[in-house]
Each structure stands twice: as C-alpha cells, then as structure tokens.
Amino acid sequence: MITYYDDRSVQVTSTAVRVDGRSYKLADITMIWHRRGTRSWRVLVGRGAIGAALAGPLVAAVLGIGVAVWLHRSPTVTIAIVGASVLVGLAVGPVADFLFEHLDRSYARGSRQLEMWARWRGQPVRLLRTGDALRFGQIYRAVQRAVEHSQPAHPVTRR
C-alpha cells in the first residue's frame, strides 16, 4: 500500500481516501473535481490590516518631516522633529519580517473555501471542504495520483 498524503483528518492511499473517519475506495471513484467558493472578506481585511501596519510608521515619518518643515521653527526643533519622525519610520523594520511572514502565510492559505468532489459509486460526494489552499492542493493532487495509479485501464475524467 502506498500513502500519498496523511494528516490528522485526511489519508490518501493506493486503496482508499479517508476523510474525517469516512472511507472511499478508489475502485469506486470515477471522477474528481473541485469548486471554489466566494472570497472571504475576513481574510482580505486581515491582509489590509497587515499592509496598514507596515505602511503606518512610514507615513507617520513622512508626515512628521513635512510638519517639521512647514512649522518653520528653529533648526534645533526642526532637527528634533525630523529625528523623531525618522525613528518612527525605522520602527517598521523590526516588525516588517514578522508582518511579511503573516502576509505570506495568508496568501498560501488562500481567501476562499475550496471543495473537493468525487463521483463515488455513481453519486457526487463532497470529500473535503477547507479554506487552506496549500493543504487543499496537496490533498487534491494526492487523490489525483492515487486514482490515476489505481485505475490505469480508464483514466480519471477531470472537469
């Protein structure tokens, strides 16, 4: 028996697909396909918040420099305001790596619910529903490979 994918809730082997305790024999699967749901506003707002957190200190620094020049104060006050503004702008540096990592993970997970369907014993069955695009892609490809290797006589139809 070959294992194509295995995690806490999904196992894809050369004989069956097991999802949340339910088992589907590969010999009974004739077709697999996927569907994408609508975008999640929660995910998009989260990405926007990360972008604002990255841009906020830089915008504050530019505004501080603009205010320092606009006030026409003594050179000491102007230098102090510009220095403080630059420090605020530099504050984004240590946090940027952390925020970019979260932004990258957000894109890897995706912003839609994804569903994997199969024609099992002649009936359409939803095998999986998840919002994690990376995991979904791994599982979908594993199921494709398993079905293709288990039924070489007649290839799987994808739509």
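The residues that line the largest pocket of this predicted model divide into two nonpolar, eight polar and five charged. Together, 15 residues form this lining, and Arg42, Val43, Ser106, Arg109 and Gly110 lie nearest the centre of the pocket. Helix H1 (41–71), helix H3 (92–109) and strand E6 (112–120) are the elements that give two or more residues to the lining. The largest share, five residues, is contributed by H1. The space within the largest pocket amounts to about 230 Å³.

H1, which supplies this share of the pocket lining, also packs against helix H2 (residues 75–90), the two axes coming within 7 Å and crossing at roughly 170 degrees. Angles over 145 degrees count as roughly antiparallel, and H1 and H2 are therefore roughly antiparallel to each other. On the H1 side, the contact is made by Pro57, Leu58, Ala60, Ala61, Gly64, Ile65, Ala68 and Leu71. From H2, the residues Thr78, Ile81, Val82, Ser85, Val86, Val88 and Gly89 take part. By class, the contact of H1 with H2 comprises eleven nonpolar and four polar residues, with no charged residue.

H2 also packs with H3, here at an angle of about 20 degrees and with the axes 6 Å apart. Because angles under 35 degrees count as roughly parallel, H2 is roughly parallel to H3. Val88, Gly89 and Leu90 of H2 meet Val92, Gly93 and Pro94 of H3 in this contact. Four nonpolar and two polar residues make up the contact of H2 with H3, and no charged residue is present.

Turning to the strands, an open sheet of four strands has the order E1-E2-E3-E4 and antiparallel pairing. Strand E1 (3–6) and strand E4 (22–25) stand at the edges, each with a single partner strand, so that one side of each is left without a neighbour in the sheet. From one strand to the next, the twist averages 10 degrees. Within this sheet, strand E2 (residues 10–13) and strand E3 (residues 16–19) run antiparallel and are joined by three bridges. Valine 10 has valine 19 of E3 as its bridge partner, and a hairpin joins E2 to E3 through two residues.

E3 pairs in the antiparallel sense with E4 as well, over four bridges, and alanine 16 has lysine 25 of E4 as its bridge partner. E3 and E4 likewise form a hairpin with two residues between them, in which aspartate 20 of the turn has a positive phi of about 50 degrees. Helix H4 (residues 133–150) lies across E1, E2 and E3 and runs at about 155 degrees to E1.

Further antiparallel pairing involves strands E5, E6 and E7. Strand E5 (residues 29–39) runs antiparallel to E6, to which it is joined by eight bridges. The bridge partner of histidine 34 is methionine 116 in E6. E6 also pairs with strand E7 (residues 123–130) in the antiparallel sense, over seven bridges, and leucine 114 stands opposite threonine 130 of E7. The hairpin of E6 and E7 has two residues between the strands, and arginine 121 in this hairpin takes a positive phi near 55 degrees.

Key
Residues numbered from 1 in each chain as written. Predicted model: local features only at pLDDT ≥ 70, side-chain atom pairs only at ≥ 80, totals over all residues. Heavy atoms only, no water. 1 Å grid on protein atoms, 1.4 Å probe; cavity = no way out; pocket = protein on both sides within 12 Å on 5 of 7 lines; lining within 4 Å. Points joined across faces, edges and corners; volume = space filled by probe spheres on them. Nonpolar A, V, L, I, M, F, W, Y, C, P; charged D, E, K, R; others polar. Axes fitted to C-alpha atoms, helices over the stretch in contact; angles between N-to-C directions. Parallel < 35°, antiparallel > 145°, perpendicular 65-115°, else oblique. Contact = heavy atoms within 4.5 Å. Pairing = 2+ DSSP bridges.
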